[in-house]
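Let's take a guided walk through a protein chain. Keep the picture in view as you read, and look for each residue when its name comes up.

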Amino acid sequence: MLLRESAASIAVRALDNSLYLHLTEQFVHMHGYRPGAAEVRSWERSIPALLAVLNEAGLDRVEVMLEYALPLNSKRADAVLAGVHPVTGEPSYVVVELKQWSQALPDEGDPTLCRVDAYAHPVLNPVEQVRRYCAYLVNFNGAVAEHGHRVSGVAFLHNATEFGVAGLRDIERDGHGALFTGERRGAFIEYLRSRLSDSEPGARAADELCDGVTVPSKQLMSVAAEEVRERKQFVLLDEQQVAYRMVLNAVQKAKNADRKEVVIVTGGPGTGKSVIALQLLGELYRRGVPALHATGSQSFTKTMRKIAGTRKKEVQDLFKYFNSFMTAEKNSLGALICDEAHRIRETSANRYTRAALRTGRAQIDELIDVAYVPVFFLDEHQVVRPGEMGTVADIRAAAARRDIPVHVVPLDSQFRCGGSDAYLRWVVRLLGLEPGGPVTWEPDGRMQLLVADSPQEMEAFLQARREQGYGARMSAGYCWRWSPEPRPGEPLPPDVVIGDWARPWNLRGDRAVSGAPPAALWATDPAGFGQVGCVYTAQGFEYDWSGVIIGPDLVWREDRWITDRNASKDPVFKKATPDADVDRLIRNTYKVLLTRGMVGTVVYSTDAETRDKLRALVAEGELQAVPA
């Protein structure tokens, strides 16, 4: 959070204008960049409106937590009010979403979305937004995990009249989502007084919430069965829910109008693309809409089939590959959920494709043609192989050739890497994927970043984390050759050799060998820890602790990174692959590897000068010793 003090104390700060300076300084420290003008303007206008209501309600002893960060993602509630319930005497919390809107209308009959003049696209109804913040807080904060009744939520539209936002109230159903306007200040005051005592300080309740153990994130793979077959396991927030609703609405409209639509959902690693994809598949499955999930990742598809379809064969059949639709009839599906669409290739044909099917038809065209609503989830910065061409521009162009409308929904919130926006920015700056050059890592309390002096030190640290109950994996750049896989019972060949330390790569085949899991399950089977994973088995997955070995294909020299294509053993790089493409793909590879961890990342480079640079950037993150 950016600030936590009593309502009375924050009101004093607001009067002498030190409040907004403090919030700005804290924001820069936590995120590494200055807040936008719109955000500062909202602080200056909305926070005083909330403080005035608290003062009039006599709740000056309530603890106010501004810009409260939700656990394990980068979303922030505008304010959380902590106090004591006036009847039960238990801790009581009110999550507040502040809006400056003067009016808003429900979107085309879907009251969970609304239209505001300031935005070109629909946004989430603030009642639904704050309701989901409450549900997420209960799901992921141990202090309230068993006490959901202690959390309530309100949207305060202090500039709005009742007439201007009347249509948004249709979804008010519980205490987790109520809406108040400037015209209903009295009702808002009564609401707050019914949940927060005016005679008890809220500091202890705030302590309890802040000290609440973060409930471990429900791993995507371990709940896929429930996700697809039975019920929702994840709470979608803000633009995630907008994307979800827009796809469902597009499917309904396409059915009614007999007209295709394309939806593209863009976002970096950890923004929840795969979570939304699974929820959509589950909801469409429950509604009886013919839909399939497809990826270009063998590991991801096989894992989904294994876990989601453990008991039902038909569930396994929901998970396909991008090249599965070469002979499919047009519009045979209501929707096709294309996850990791950045891995779309030029054509579906490969060396095993029979001659009759080698038509040269573009894979994007096949995916668009097969469904009334093809949905593409992608991150253009995760392209790691030559020939991968799933970009917004490519999909738009293919849709335009058919006169099909395209809707693009960007996802900005970060759920991987402890929800640390600062860490993601550090990674992309480190690798030169954004301008400005590498910056020093400043711990933000969300993501841990450590530098190891040797692979032995890295492995020992990760093993200690495993003994504490965390999941962990080691991965590396593709800088060591792969030996043929051994016969069952034989030891795995130790291909990744660094000095006197050697470990095997993850398996490439579909069966377990010598206790190691098949390639598709390396990231999810605990037995995968003994092998070093490559980008193709790590991409699309996450684990608590990530150990990353930067190989000799990417080294720091004086003031910049140098990529050495000769140090890469990746067979996808051909002589004809341009140096610029190799450089970009190697950097993208390390971005993928460095963004797999949920709790922390340990990084090691095989190059001494590169290790020195990493130590200089992560001065407080050296592994001095392996904690007990």
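Two residues are in contact when they have heavy atoms within 4.5 Å of each other. With that in mind, 73% of the contacts in this chain with a separation of 6 or more join residues 24 or more positions apart.

A word on where the picture comes from: this is a predicted model, in which local features need pLDDT of at least 70 and side-chain atom pairs count only at pLDDT 80 or more, while totals for chains, interfaces and linings use all residues. Residues are numbered from 1 along each chain as its sequence is written, and side-chain values use heavy atoms, leaving out hydrogens and water.

**The whole chain**

The chain has 19 helices and 24 strands; these are DSSP runs numbered from the N terminus, with at least four residues of H or I for a helix and at least two of E for a strand. Along the principal axes, the C-alpha atoms fill a box of roughly 75 × 65 × 45 Å.

How much of the chain is buried? Buried residues make up 56% of the 628, where buried means under 20% relative accessible area, exposed means over 50%, and partly exposed lies in between (1.4 Å probe, protein chains only).

**The cores**

In soluble globular proteins, nonpolar side chains tend to be buried together. A nonpolar core here is a set of buried Ala, Val, Leu, Ile, Met, Phe, Trp, Tyr and Cys residues joined through side-chain atoms within 4.5 Å. The largest one has 119 residues, and those touching the most other members are Leu-336, Phe-376, Tyr-423, Trp-426, Leu-462 and Tyr-590. Helix α9 (residues 239-257) gives the largest share of this core, nine residues. A second, separate core of 37 residues includes Tyr-20, Trp-43, Leu-81 and Val-154.

Beyond its neighbours within four places in sequence, Tyr-423 is in contact with Cys-417, Trp-441, Met-447, Leu-449, Leu-594 and Thr-601.

| Residue | Relative accessible area | Helix |
|---|---|---|
| Phe-300 | 0% | α11 (residues 298-308) |
| Thr-589 | 11% | α18 (residues 579-594) |
| Gln-129 | 7% | α4 (residues 126-140) |

Which residues does Thr-589 touch, leaving aside its neighbours within four places in sequence? Its contacts are Val-384 and Val-535. With such neighbours again left aside, Gln-129 is in contact with Glu-97, Lys-99, Leu-124 and Asp-238.

Phe-300 and Phe-319 are 19 residues apart along the chain, and their C-alpha atoms are separated by 9.3 Å. For Gln-129 and Leu-521, which are 392 residues apart, the C-alpha separation is 35 Å.

**Two loop residues with positive phi**

Most residues other than glycine have a negative phi. Asp-258, although not a glycine, has a positive phi of about 55°. Asp-258 lies in the loop between α9 and β10 (262-266), and it counts as exposed because its relative accessibility is 55%. Ser-514 also has a positive phi, near 50°. The loop between β19 (501-503) and β20 (532-533) holds Ser-514, which counts as partly exposed at 39% relative accessibility.
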